[in-house]
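Here is a brisk report on one protein chain. Look at the structure first, then read on.

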Amino acid sequence: MKSRPVAPPLRYPQSTHSVHRAAPPPQIIPSPTSPTPQRQPQPQKLSTMDIDDILASVDRTADTSTPESTALDHQLLTRFWVAERAVPELLPWPASLMERMMERVRRQIESIEDLAASSTDPMQTANAATTNLKLSILQSDLSRTQYLIRSLLRQRLSKLTAHSMHYLLLISRPASQPQSQSQTDSSRPEDSIPEPPDTEEDEDTSPLSKEEVTFLHAHQTLLAGHYGSSFLNSFPPQLRRLDDNAGGTSMVQGPDGKEVVFVRCLVEESRVVVPPGDGVEVEVEGTVLRMGEVWAVRWEGVKGAWGRGEVEVL
């Protein structure tokens with residue numbers, strides 16, 4: 001029996017690469033005559049451009065001024081509100097800023113009323129979603145501005161009522177103040193209240209507004225009448241004044257300028273001043289503030305720098 005010959009094993013050539021890369025698939029170039037496939041139309045969605053258009057239209061309808069001016073006034077109002085809450089005394093009333101802000105609030109309320117009336121119109125149901133979005137944006141912005149204004153006015157009223165006599169003497173006419181209050185007899189406590197400046201003749205009422213001057217005089221008059229009917233009328237006439245300074249000690253107390261506030265320097269260099277008092281005879285310059293630095297200092301030392309715009313109160 002003969003054995004079959006065994007075939008030799010197959011040998012494959014060894015590749016120099018351990019990983020073989022597949023050849024790229026051939027590109028099929030469509031013929032010019034082949035029809036181009038058409039995509040199915042997609043449902044229209046609210047894009048980013050639509051949101052931007054809505055926001056821009058809100059800015060146009062809310063105020064006729066530029067958006068940059070509106071944003072700048074809102075930033076100034078916010079910074080003034082923060083400073084008013086932090087410092088111990090009344091800051092000068094920003095008349096022009098508040099007039100612009102109140103005018104914007106009035107116009108925005110009119111825009112909200114017009115949009116609210118149009119949203120209930122059955123003939124304009126197609127744009128109901130856009131109208132409701134505009135209405136929500138306007139109401140949110142109006143609520144934010146009204147909160148700042150109300151909080152600012154409440155803070156100023158609290159300072160006015162706490163030191164009412166001090167601010168009345170500060171803004172009163174020089175001729176209305178007696179030369180020697182300790183020697184003047186008054187039959188009623190109301191007689192010691194100084195006359196406020198005439199708001200109709202545009203007299204200077206800084207740091208108060210005209211409305212604050214009217215409120216302050218009426219408030220102090222009622223307070224003096226209450227004191228008189230309660231206990232002051234039983235005192236001797238020379239002891240019934242609310243601004244007595246007999247013995248060199250004034251009974252009128254003002255805000256404490258030595259309270260500490262936090263400030264940030266906005267210029268290259270600003271100096272803290274030390275006013276006369278507490279052993280200091282003349283005003284001297286103190287620590288130097290650099291741009292961007294935050295310091296805790298007395299308000300009386302940076303009051304002038306704040307008025308010049310060199311620092312901001314935090």
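This is a predicted model: local features need pLDDT of at least 70, side-chain atom pairs count only at pLDDT 80 or more; totals for chains, interfaces and linings use all residues.

## Packing around helix H7

Helix H7 spans residues 299–307, and its buried residues are Trp299, Gly301, Val302 and Ala305. These residues sit on the same side of H7, because they cover an arc of only 140° around the axis. After H7 comes glycine 309. Its phi is positive, near 80°.

H7 also carries lysine 303, which links distant parts of the chain. Its partner is glutamate 89, in the loop between helix H2 (67–86) and helix H3 (95–119). Which of the two is buried? Glutamate 89 is, with a relative accessible area of 16%. Lysine 303 is partly exposed at 42%.

## Salt bridges

Side chains of opposite charge can pair when their charged atoms come close. A search of the whole structure finds 18 salt bridges. Three of them are listed here.

| Arginine 106 | Glutamate 103 | 2.4 Å |

An α-helix has 3.6 residues a turn, so residues three or four places apart point the same way. Arginine 106 is partly exposed, with 39% relative accessibility. Glutamate 103 is also partly exposed, at 28%.

Are arginine 241 and aspartate 243 buried or exposed? Both are buried. Elsewhere, salt bridges join Glu84, Arg156, Lys159 and Glu212 into a network.

## A nonpolar surface patch

Phe231, Phe235 and Leu239 form a nonpolar patch on the surface. Together they have about 270 Å² of accessible area. Leucine 239 lies in the loop between helix H6 (210–230) and E1. Its relative accessibility is 46%. Leucine 239 therefore counts as partly exposed, since the class runs between 20% and 50%.

## The chain as a whole

The protein chain has seven helices and five strands. Along the sequence they follow the pattern α-α-α-α-α-α-β-β-β-β-α-β. Of its 314 residues, 28% count as buried. The accessible surface comes to about 21,800 Å². Carbon and sulfur atoms account for 54% of that surface. Consider contacts between residues at least 6 apart in sequence: 71% of them join residues at least 24 apart.

## Confidence

The chain averages a pLDDT of 77, and 71% of the residues score at least 70. Which element has the highest mean pLDDT, and which the lowest? Strand E1 (residues 260–265) has the highest, at 94. Helix H1 (residues 48–62) has the lowest, at 48.

Two stretches deserve a separate mention. Over residues 41–49, pLDDT stays under 50, and the model has two contacts beyond four places in sequence for them. Residues 175–184 also have pLDDT below 50. That stretch has 14 contacts in the model beyond near neighbours in sequence.

How values were computed
Residues are numbered from 1 along each chain as its sequence is written. Side-chain values use heavy atoms; hydrogens and water are left out. Helices (H or I, at least four residues) and strands (E, at least two) are DSSP runs, numbered from the N terminus. Buried means under 20% relative accessible area, exposed over 50%, partly exposed in between (1.4 Å probe, protein chains only). Contact means heavy atoms within 4.5 Å. Accessible areas come from the Shrake-Rupley method with a 1.4 Å probe; for residues, only the protein chains shown count as cover. pLDDT is the predictor's confidence in each residue, from 0 to 100. Patches are made of residues with over 30% relative accessible area and no salt bridge: like charges are joined within 9 Å, nonpolar side chains (Val, Leu, Ile, Met, Phe, Trp, Tyr) within 5 Å. A salt bridge is a side-chain nitrogen of Lys or Arg within 4 Å of a carboxyl oxygen of Asp or Glu. The arc is that of the directions from the helix axis to the C-beta atoms.
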